[in-house]
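Try each task yourself before you read its solution.

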Amino acid sequence: GDWLTPHFNYEERWQKPVLYYWLTAATFAATGPSEWAARWWSALSGLGLVLLTWAAARRLDASDDAAWLAGAIAATCYGYFAMARLALPDLPLTFFITLVIWSALERRWTVAGLGAGLGLLMKGPVALVVAGIVLAPIWWRERKTPTVRARDLATVAVVCALVALPWYGAMTLRHGVEYLQSFLVGDNLE
C-alpha cells in the first residue's frame, strides 16, 4: 500500500527507483497478481523497442525494406526475447533510453525529456548517461550544422525534472538524505 517507497518481499528497497514497481502494482490492481502481470511491462517495452528500431532505421535509410529488416532483427534477437520475459526494469530502461535518443535525433525535445524523466524513474541516472554517451558524438559529428540549441536542452531538462524530481524529492522528504546517499552515491557512483 505504500506507493512512494519501493518494496521487495515486504522490505524497503532503495536500490532502484519506483516506476517499475508502480507499473506492476497498477497492473496487479487491474488484473490481479500473476506472472503475466508482473512481466507485462517488460514485454511491452520489447515491442516498443522493435517499433523504435523500425522508426530509427526508417529515418536513417528512408527505405521501408531496411526499416522492416531492422525491426525484424530486433524482434528476433535472443536478448530482447529473454529480457521481455523477465519482470525486471532493464528492458523498459532500454526502451526509455532509445526513446530519448530517437526523439533527440528527430528534434522532439518534449518527448526526449519525457523519456529521460521516465528513465530516471525506472533505473536512475544511467538513463541520462547512456543517452548522452550516444548523442554527444552524433551531435559533435554534425556540429557544422547546429542541430541542438541551448533552448532545446533546457526543454529536455525541464520536462525531465517535472517527471522525475517530484518522486526523488518525496523520497528525500520521507527518508532524508540517507536515501540520496544510498541510491545516488552508493548504488550509482560507487
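## Exercise 1: the second largest pocket

Helix 8 supplies seven residues to the lining of the second largest pocket, the largest share. Keep in mind that this is a predicted model.

**Task.** Work out which helices join in and what class of residue lines the second largest pocket.

**Solution.** 
1. Start with the space: the second largest pocket holds about 280 Å³.
2. Now list the elements that give two or more residues to its lining: helix 5 (90-105), helix 6 (109-122), helix 7 (126-141) and helix 8 (150-175).
3. Look at the middle. Of the 19 lining residues, Val100, Ala116, Leu128, Leu153 and Val156 lie nearest the centre.
4. Sort the lining by class, and you get 18 nonpolar residues, one polar and no charged ones.

## Exercise 2: the largest pocket

**Task.** Find which element gives the most to the lining of the largest pocket, and sort that lining by class.

**Solution.** 
1. The largest pocket contains about 810 Å³ of space.
2. Its lining counts 27 residues, with His7, Phe8, Asn9, Tyr21 and Thr24 nearest the centre.
3. Strand 1 (7-8) and helix 1 (19-31) each put in at least two residues. Helix 1 gives the most, with seven.
4. By class, this lining has 17 nonpolar, five polar and five charged residues.

## Exercise 3: the cavity

**Task.** Say how many cavities of 30 Å³ or more turn up, and which residues line the largest cavity.

**Solution.** 
1. Searching the whole structure gives one cavity of 30 Å³ or more.
2. The volume of the largest cavity is about 40 Å³.
3. Around it sit Arg59, Ala104, Leu105, Arg107, Trp139, Glu142 and Thr147.
4. That lining splits into three nonpolar, one polar and three charged residues.

## Exercise 4: an aromatic pair

**Task.** Describe how the rings of Tyr168 and Phe183 are arranged, and decide whether these residues are buried or exposed.

**Solution.** 
1. The whole structure has ten aromatic pairs.
2. In the pair of Tyr168 and Phe183, the ring centres are 6.1 Å apart and the planes make an angle of 35°, which makes the pair tilted.
3. Tyr168 belongs to helix 8 and Phe183 to helix 9 (residues 177-189), so the pair ties together parts 15 residues apart in sequence.
4. Both Tyr168 and Phe183 are buried.
5. Zoom out, and Tyr168 and Phe183 form one aromatic cluster with Trp14, Trp167 and Tyr179.

Technical notes: Residues are numbered from 1 along each chain as its sequence is written. This is a predicted model: local features need pLDDT of at least 70, side-chain atom pairs count only at pLDDT 80 or more; totals for chains, interfaces and linings use all residues. Side-chain values use heavy atoms; hydrogens and water are left out. On a 1 Å grid over the protein atoms alone, a cavity is a set of points where a 1.4 Å probe fits but cannot get out, and a pocket is an open set with protein on both sides within 12 Å along at least five of seven lines; lining residues have an atom within 4 Å of a point. Grid points are joined across faces, edges and corners, and a volume is the space filled by probe spheres set on the points. Helices (H or I, at least four residues) and strands (E, at least two) are DSSP runs, numbered from the N terminus. Ala, Val, Leu, Ile, Met, Phe, Trp, Tyr, Cys and Pro count as nonpolar, Asp, Glu, Lys and Arg as charged, and the others, Gly among them, as polar. Rings of Phe, Tyr and Trp (its six-membered ring) pair if their centres lie within 6.5 Å; planes under 30 degrees apart count as stacked, over 60 as edge-to-face and the rest as tilted. Buried means under 20% relative accessible area, exposed over 50%, partly exposed in between (1.4 Å probe, protein chains only).
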